[in-house]
Amino acid sequence: MCSSDLETWHVATEFFWRAPEDAAEPLVTAMDRVFGDPALSDVVRNCIEAMGRMGGDPFDAPLRRCMQHKEPNVVQAAFAAFGSAGKAETLRELATAFPQMDGRARQAWLHGVRMRLGADAVPLLRDVMAGPYPISVRDQVLREALAMPMAQAAVILRPRWEEAVGEFKAIIAGVLHAA
């Protein structure tokens with residue numbers, strides 16, 4: 001990619017951080033136009049990332065369609081976009097897809113759950129914290145839990161108290177004490 005192409009992409013990317021609501025329809029139209037072409041899956045993924053940057057409910061249906069795409073990178077981008085775009089109900093429903101998410105999508109989903117669902121995030125985050133996931137996932141949940149009120153964080157972290165060791169046990173103890 002030459003310098004001017006890169007600059008153009010950066011300008012376009014920045015636009016979607018501050019894009020007006022009326023930019024949603026042309027963005028979805030552009031994505032739909034190339035959706036079935038495997039050679040243009042990167043364009044679909046870029047549109048999804050722009051939807052995630054813009055946020056909002058109007059992207060719920062297009063992002064749901066993207067979860068059925070044949071390219072795994074498109075599906076993962078859709079999972080990540082739901083962290084900031086789409087309906088809150090869809091974000092909740094995606095808890096069942098958590099095991100299929102990659103690290104980036106998981107982090108975006110966890111952050112979106114905390115930011116968009118408020119107190120309703122507690123059972124979802126607790127279930128992931130208590131689930132059979134690797135330490136890296138536990139650390140992602142811990143990061144989100146520590147940004148919540150201590151009483152909510154305590155509910156999320158309590159299932160790991162008995163098996164926690166070292167620094168992790170100390171963090172949980174601090175949260176439980178603060179709650």
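How many aromatic pairs does a search of the whole structure find? The search turns up 2, where rings of Phe, Tyr and Trp (its six-membered ring) pair if their centres lie within 6.5 Å.

## The model and its fold

Keep in mind that this is a predicted model: local features need pLDDT of at least 70, side-chain atom pairs count only at pLDDT 80 or more, and totals for chains, interfaces and linings use all residues. Residues are numbered from 1 along each chain as its sequence is written, and side-chain values use heavy atoms, with hydrogens and water left out.

The chain has 11 helices and 0 strands, so reading along it gives α-α-α-α-α-α-α-α-α-α-α. Helices here are DSSP runs of H or I, at least four residues, and strands are E runs of at least two, numbered from the N terminus. Of the 179 residues, 41% count as buried; buried means under 20% relative accessible area, exposed over 50%, and partly exposed in between (1.4 Å probe, protein chains only).

## The aromatic cluster

Back to those 2 pairs. The ring centres of Phe98 and Trp109 are 5.4 Å apart with the planes at 55°, so this pair is tilted. For the labels, planes under 30 degrees apart count as stacked, over 60 as edge-to-face and the rest as tilted. Phe98 belongs to the loop between helix 6 (88–93) and helix 7, while Trp109 is in helix 7, 11 residues apart. Both Phe98 and Trp109 are buried.

Phe98 also pairs with Tyr133, this time edge-to-face, at 5.1 Å centre to centre and 80° between the planes. Tyr133 is in the loop between helix 8 (121–130) and helix 9 (135–145), so the pair ties together parts that are 35 residues apart in sequence. Phe98 has 1% relative accessibility and so counts as buried, whereas Tyr133, at 27%, counts as partly exposed. Put together, Phe98, Trp109 and Tyr133 make one aromatic cluster.

## Charges over rings

Two other rings have a charge over them, which takes NZ of Lys or CZ of Arg within 6 Å of the ring centre and within 35 degrees of the ring normal. Arg138 lies over the face of Phe168, 3.9 Å from the ring centre. Lys169 has its charged end over the ring of Trp161, at 4.2 Å from the centre.

## Buried polar side chains

Arg114, in helix 7, counts as buried because its relative accessibility is 17%. Its side chain makes a polar contact with the side chain of Glu144 at 2.5 Å. A polar contact is a pair of N or O atoms within 3.5 Å; within protein, one must be able to donate a hydrogen and the other to accept it, and residues adjacent in sequence count only if both atoms are side-chain atoms.

Gln140 sits in helix 9 and is buried too, with a relative accessible area of 10%. The Gln140 side chain reaches the backbone oxygen of Gly103 at 3.2 Å, and a polar contact of 3.4 Å joins it to the side chain of Gln107.

## The largest pocket

The largest pocket holds about 330 Å³ of space. A pocket is an open set of points on a 1 Å grid over the protein atoms alone, where a 1.4 Å probe fits, with protein on both sides within 12 Å along at least five of seven lines; lining residues have an atom within 4 Å of a point. Here 17 residues line the pocket, with Gly52, Arg53, Ala80, Ser84 and Ala108 nearest its centre. Helix 3 (41–54), helix 5 (72–81) and helix 7 (103–117) each give two or more residues to the lining, and helix 7 gives the largest share, 7 residues.

Technical notes: Points joined across faces, edges and corners; volume = space filled by probe spheres on them.
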